[in-house]
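Thanks for making time this morning.

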Amino acid sequence: MKTFNYICAATVLLAAAACSNNRGKSPDGRVKTETMTVASTMVDCIGVGVQRCLVVKPEGTYDWELFYNRIDGFEYEPGYEYVLSVYKQHVELPPADGPTMRYVLDRVLSKQKKQSKDLPDTSGISEAIRHRDNE
């Protein structure tokens, strides 16, 4: 009976260890998830070309930053501030001027109707885009 108890205990411990090793990793088991807040509005930005950018605040940071990439599987709706769990994966052989990282939605942790505060001032970029378009 003691042997059976030891085997059961060892099985439980091995199962718990196996689960904890994969916690937060991507489906391929190589990349951990990251948490980020997405602001309630997008802004004009200039990356490879003129585009609209999400404004994000990675977990553990205070300031908002422009996010030039996209998040696969995430459907943004203006007027809502999101907290997301995302997989961040290195892109093997990215195209010229393409992103070196790929972001994939793991899950939406929260979606709250609100106006995000203290976003970066991109009015100069928006004005430059309008001026260029009017020439």
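Let me first say that helices (H or I, at least four residues) and strands (E, at least two) are taken as DSSP runs, numbered from the N terminus. This is a predicted model, in which local features need pLDDT of at least 70 and side-chain atom pairs count only at pLDDT 80 or more, while totals for chains, interfaces and linings use all residues. Residues are numbered from 1 along each chain as its sequence is written, and side-chain values use heavy atoms, with hydrogens and water left out.

The protein has two helices and seven strands, and along the sequence these run α-β-β-β-β-β-β-β-α.

Turning to the pocket, three strands, β1 (33-38), β3 (50-58) and β4 (65-67), each contribute at least two residues to the lining of the largest one.

Finally, consider Tyr87, which sits in strand β6 (residues 80-90) and is buried, at a relative accessible area of 12% (buried means under 20%, with a 1.4 Å probe and protein chains only). Its side chain makes a polar contact, at 3.1 Å, with the side chain of Asp106, where such a contact is a pair of N or O atoms within 3.5 Å, one able to donate a hydrogen and the other to accept it.

How values were computed
Buried < 20%, exposed > 50% of the residue type's maximum accessible area, 1.4 Å probe, protein only.
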